[in-house]
Amino acid sequence: MSDGILLWLIGAGPRNVNFDRPPLPTAKELAAGVPVRPDAGPGLIALRVVLRHSRLHPVDSLPWTHARAGWRAAEKSWRGAEATDDPMDRAS
């Protein structure tokens, strides 16, 4: 999930979570500060992301699905949106 949040922060689009994934910032780069997605504006200081439910299944779970969940949670948090009846919000 944290990979998805980092991808959102550096400006990766939803497709970049699964394909053409950009490199994630290293711990050293994060400590020094990295550019944040341009549409977040200059005032973005903190973002609280809450993933309410996620389960790992030994057969059906793929790493990109959890990264995608983190990306979606960050996107919704930034927009101030709550979970809806969207089936993507109810992954099991």
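**The interior and the surface of the chain**

Analyst: In this predicted model, the largest nonpolar core consists of 10 residues, namely Ile5, Leu7, Trp8, Ala12, Val17, Val49, Ala67, Trp71, Ala73 and Ala74. Helix 1 (2–9) and helix 4 (63–79) each contribute at least two residues to this core.

User: Which helix gives the most to this core?

Analyst: Nonpolar side chains tend to be buried together in soluble globular proteins. Here the core has 10 residues in all, and the greatest contribution, 4 residues, comes from helix 4.

User: Which residues does valine 17 touch, leaving aside those up to four places away in sequence?

Analyst: Valine 17 belongs to the largest nonpolar core. Setting aside residues up to four places away in sequence, the residues that valine 17 touches are Leu7, Trp64, Ala67, Arg68 and Trp71.

User: Against which helices do the buried residues of helix 1 pack?

Analyst: The chain contains 4 helices and 0 strands, and in helix 1 the buried residues are Gly4, Ile5, Leu6, Leu7 and Trp8. These buried residues of helix 1 pack against helix 2, helix 3 and helix 4.

User: Is glutamate 75 buried or exposed?

Analyst: Glutamate 75 lies in helix 4, and its relative accessible area is 17%. Buried means under 20% relative accessible area, so with its 17% glutamate 75 counts as buried.

User: With which side chain does the side chain of glutamate 75 make a polar contact?

Analyst: Not counting residues up to four places away in sequence, glutamate 75 touches Trp8 and Arg37. The polar contact, at 2.6 Å, joins the side chain of glutamate 75 to the side chain of tryptophan 8.

User: Is aspartate 20 buried or exposed?

Analyst: Aspartate 20 sits in the loop between helix 2 (14–18) and helix 3 (27–32), and its phi is near 50°, a positive value in a residue other than glycine. A residue is exposed when its relative accessible area is over 50%, and because aspartate 20 has 64% relative accessibility, it counts as exposed.

User: What share of the accessible surface of the chain belongs to carbon and sulfur atoms?

Analyst: Of the 92 residues in the chain, 22% are buried. The accessible surface of the chain amounts to about 6600 Å², and the share of it that belongs to carbon and sulfur atoms is 57%.

Methods. Residues are numbered from 1 along each chain as its sequence is written. This is a predicted model: local features need pLDDT of at least 70, side-chain atom pairs count only at pLDDT 80 or more; totals for chains, interfaces and linings use all residues. Side-chain values use heavy atoms; hydrogens and water are left out. Buried means under 20% relative accessible area, exposed over 50%, partly exposed in between (1.4 Å probe, protein chains only). A nonpolar core is a set of buried Ala, Val, Leu, Ile, Met, Phe, Trp, Tyr and Cys residues joined through side-chain atoms within 4.5 Å. Contact means heavy atoms within 4.5 Å. Accessible areas come from the Shrake-Rupley method with a 1.4 Å probe; for residues, only the protein chains shown count as cover. A polar contact is a pair of N or O atoms within 3.5 Å; within protein, one must be able to donate a hydrogen and the other to accept it, and residues adjacent in sequence count only if both atoms are side-chain atoms.
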